[in-house]
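The sequence and structure come next.

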Amino acid sequence: PLPLLPFILPSKAQLLTTLLFLGFFVPMGCTPVLLVMFDIYKAKNGGHLPQHIANVLVSLYCASFPLGAFLGATISGIVAEYYIFEWSTGMVGLLFSIQSVLCIIFCYGVYRLKKSLQLKEYTENTHLLIT
């Protein structure tokens with residue numbers, strides 16, 4: 001735990017609980033990202049997703065994991081060299097928290113975009129039925 005939280009004592013149960021949460025929640029956030037990228041592209045381009053764009057999005061998605069593993073290990077090694085391990089993991093936790101808030105804001109924006117496009121399609125289809 002962080003040195004700011006001296007009342008929390010490190011234990012095996014704490015470590016296993018943290019690993020359980022990471023193993024459970026990280027895939028829940030990573031899996032739908034590719035579909036969200038497809039939906040955003042379709043929403044901004046009239047519902048059309050060319051194959052070459054899908055290939056680029058899948059390539060970027062697949063490249064993000066090894067790049068993250070490389071950068072994460074490199075940066076955490078540098079931070080752990082200058083600060084104690086507890087501070088470096090605390091910084092990672094803070095970054096995860098900020099990333100989670102930004103992800104929620106982004107997903108809400110995507111939700112609103114999809115809703116507005118569905119409403120726009122509905123009004124256009126209704127207009128075509130009336131005329």
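## Burial along helix 2

L34, F38 and I40 are the buried residues of helix 2; buried stands for under 20% relative accessible area, exposed for over 50%, and partly exposed for what lies in between (1.4 Å probe, protein chains only). Viewed down the axis of helix 2, these buried residues fall within an arc of 160 degrees, so they line one face of the helix. The arc is taken over the directions from the helix axis to the C-beta atoms. L35 and K44, on the other side of helix 2, are exposed. Helices (H or I, at least four residues) and strands (E, at least two) are DSSP runs, numbered from the N terminus.

The model is predicted: local features need pLDDT of at least 70, side-chain atom pairs count only at pLDDT 80 or more, and totals for chains, interfaces and linings use all residues. Residues are numbered from 1 along each chain as its sequence is written, and side-chain values use heavy atoms, with hydrogens and water left out.

## Geometry of helix 2

Helix 2 contains 12 residues, and the span from its first C-alpha to its last is 17 Å, close to the 16 Å expected at 1.5 Å a residue. That expected span is 1.5 Å times one less than the number of residues in the helix. After helix 2 comes G46, which has a positive phi, near 70 degrees.

## The largest nonpolar core

Six residues form the largest nonpolar core: L34, F38, I53, A54, L57 and Y61. Such a core is a set of buried Ala, Val, Leu, Ile, Met, Phe, Trp, Tyr and Cys residues joined through side-chain atoms within 4.5 Å. Two elements, helix 2 (33–44) and helix 3 (51–82), each give two or more residues to this core. Helix 3 supplies the largest share, four residues. In soluble globular proteins, nonpolar side chains tend to be buried together.

F38, a member of this core, is located in helix 2. The relative accessible area of F38 is 17%, so the residue is classed as buried. With residues up to four places away in sequence not counted, F38 touches L49, A54, L57 and V58; a contact requires heavy atoms within 4.5 Å. H48 is 10 residues from F38 in sequence, and the two C-alpha atoms are 9.7 Å apart in space.

Which residues does V36 touch, not counting residues up to four places away in sequence? They are F106 and V110. V36 belongs to helix 2 and is partly exposed, at 21% relative accessibility.

V110 is placed in helix 4 and is buried, at 10% relative accessibility. Apart from residues up to four places away in sequence, V110 touches V36 and I40. The C-alpha atoms of V110 and V36 lie 7.9 Å apart, although the residues are 74 apart in sequence. S116 is also found in helix 4; its relative accessibility of 39% makes S116 partly exposed. S116 and A43 are 73 residues apart along the chain, and 9.9 Å separates their C-alpha atoms.

## The chain as a whole

The chain has four helices and zero strands, in the order α-α-α-α along the sequence. Of its 131 residues, 9% are buried. Among contacts between residues at least 6 apart in sequence, 51% join residues at least 24 apart. The chain exposes about 10600 Å², with carbon and sulfur atoms supplying 74% of that area; accessible areas come from the Shrake-Rupley method with a 1.4 Å probe, and for residues only the protein chains shown count as cover.

## Confidence

Mean pLDDT over the chain is 76, and 84% of the residues reach 70 or more. On this scale, from 0 to 100, the predictor states its confidence in each residue. Where in the chain is confidence lowest, and where is it highest? The lowest mean, 72, belongs to helix 4 (residues 85–130), and the highest, 83, to helix 3. Where pLDDT is low, the predicted coordinates should not be read in detail.
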